[in-house]
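The entries follow the model shown here.

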Amino acid sequence: MAGLVRAIRVLPRATRNVDARDKPGHDDLSRTIPVRLKLRDIAFFERPVQFARPFRFGAITINATPQLFVRAEIEVEGRGVAVGASAELLVPKWFDKRPELSPAQTVDGLRRSLEIARGLYLARTGFLTAFDLHASCIGAQVATCAKKNIPPLAAAYGPAEIDKAILDALLRAAETSFFDGMAGNIAGIDARLSPDLVGLDITTFLSGRVPLERVAIRHTVGLDDAVEGERGVADARENSGARYFKLKLSGDPAADAARLSRIGKELATLGHDYKVTLDANEQYADLAALQALMDRLDHDAALRPIATRLLYVEQPMPRDITRQSPLGALAAHGFIIDEADDSYDAFPAARALGYCGISSKSCKGLYKSIINATRAAKWSANGERFFVTGEDLTCQAGLAVQQDLALGAFLGVTHAERNGHHYVDGFGDTPLAEAQAFAAADPDLYADTGQGIRLSIHDGDLLTGSLHATGFATSVHPDWSALLPLEQPRSLQEHLT
């Protein structure tokens, strides 16, 4: 046990030489922006995650899937070596929904994305900023993945996870927090991947961030979740006192309207105000089907508890159909893209089609989230309404939820979907000592309920105070010795046999 505790202890600051810069009155590394680094190693691990209940969205039901862990070692110019980490679920049938592929094949696509990205990143041997490294690899990543039959959204997964681990290491070397480091643009983010912006747009946006102290949870209601009664949407033990609800849609206007009517009746009994969002996960076939649903929301009195509190509708149609389908008059209802957000130019393209928002997800890339939030702020300055939302598909307790929550709090996302605590039993199969280490370091985020350590929700909100730790929103790393190496992706032939 002692060895396990040492493996997951709160990490010390990066090793470095002490000189005049370390003395009082001298600028520290976090003020020397941007900071250059050299990548020394990237390692991938995974851990099985068993769900406490089925999670059905779109055409898939998940009962279990692996969680990825990334360990990155960097050398910071003139400052020595630091190690960073990130984590995310390997979710089947979301990044790649092609019907001819099995769930296992789509997870293997994510593993291939990681391996391709690792090779590209490690091939950059000189000192670069963190964003230099990302920007110099993302084009080749997408092109190489395309040759391997991996679509752009899945292609972005590998760089997204590596970038988070590198940033964690960089912030540790700088002895600064995510919030302070990003406000000073420690990663060196610029406009080279977003020609609709200029560098000043980005630095002005970053320097003006005041991170939120609280972020409200948005409670997910999956397609297999109970509506009425115990464990239904109005059960406070189930929804954790949420004031925001994310309701999954099936793509059938009549069936969705009937279910939304039932949900609205339950939500009306909460005794406090609430807001809702709708998420179709690409299940509406076309604009005609989407129009049929919106007509019901506009005119059916039974849907008024939903319609009058609806904030936006998320990714209603398949990503390819989305790009060919201007919303026209439908745009007045408020739509955002999520799965269609597979490139740096996706948000401007969606804006031209009538979409007013885009989701931020760490698994799609934190730099893209920052660029899109910069765009939303710039576009909204003229009185129009554009925004970034917080959506959660892949964030489990520990590294993943903390890093994604910090990103949202930094961007000013006031409420975010948080389904990891809902569909997985706390820390799941994480070793107890590791879960206890996270709980000790982040007492405002976790609590021991007597049945295990779980996310601690305060009047429907998550608190962000402990996320100001040195590093990317965590002072704790996982017990690397308790993790399995990332499974090697199987070939298509192996899947078929």
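**Helix packing around H5**

I looked up the contact of H2 with H5 (heavy atoms within 4.5 Å). From H2, Leu110, Ser113, Leu114, Ala117, Arg118 and Tyr121 meet Tyr157, Gly158, Pro159, Glu161, Ile162, Asp163 and Ile166 of H5. By class, this contact has 8 nonpolar, 2 polar and 3 charged residues.

I noted the source: this is a predicted model, with local features needing pLDDT of at least 70, side-chain atom pairs counting only at pLDDT 80 or more, and totals for chains, interfaces and linings using all residues. Residues are numbered from 1 along each chain as its sequence is written, and side-chain values use heavy atoms, without hydrogens and water.

Next I took the geometry. Helix H2 (residues 103–122) packs on helix H5 (residues 157–174) at about 55°, axes 7 Å apart. Axes are lines fitted to C-alpha atoms over the stretch in contact, and angles run from 0 to 180 degrees between N-to-C directions. Helices are DSSP runs (H or I, at least four residues), numbered from the N terminus.

Then I turned to H3. Helix H3 (residues 130–147) and H5 pack at about 170°, with axes 11 Å apart. That makes H3 roughly antiparallel to H5. Ala130, Leu133, His134, Ile138 and Gln141 in H3 meet Pro159, Asp163, Ile166 and Leu170 in H5. I sorted that contact into 6 nonpolar, 2 polar and 1 charged; Ala, Val, Leu, Ile, Met, Phe, Trp, Tyr, Cys and Pro count as nonpolar, Asp, Glu, Lys and Arg as charged, and the others, Gly among them, as polar.

Definitions and conventions:
Helices (H or I, at least four residues) and strands (E, at least two) are DSSP runs, numbered from the N terminus. Angles under 35 degrees count as roughly parallel, over 145 as roughly antiparallel, 65 to 115 as roughly perpendicular and the rest as oblique.
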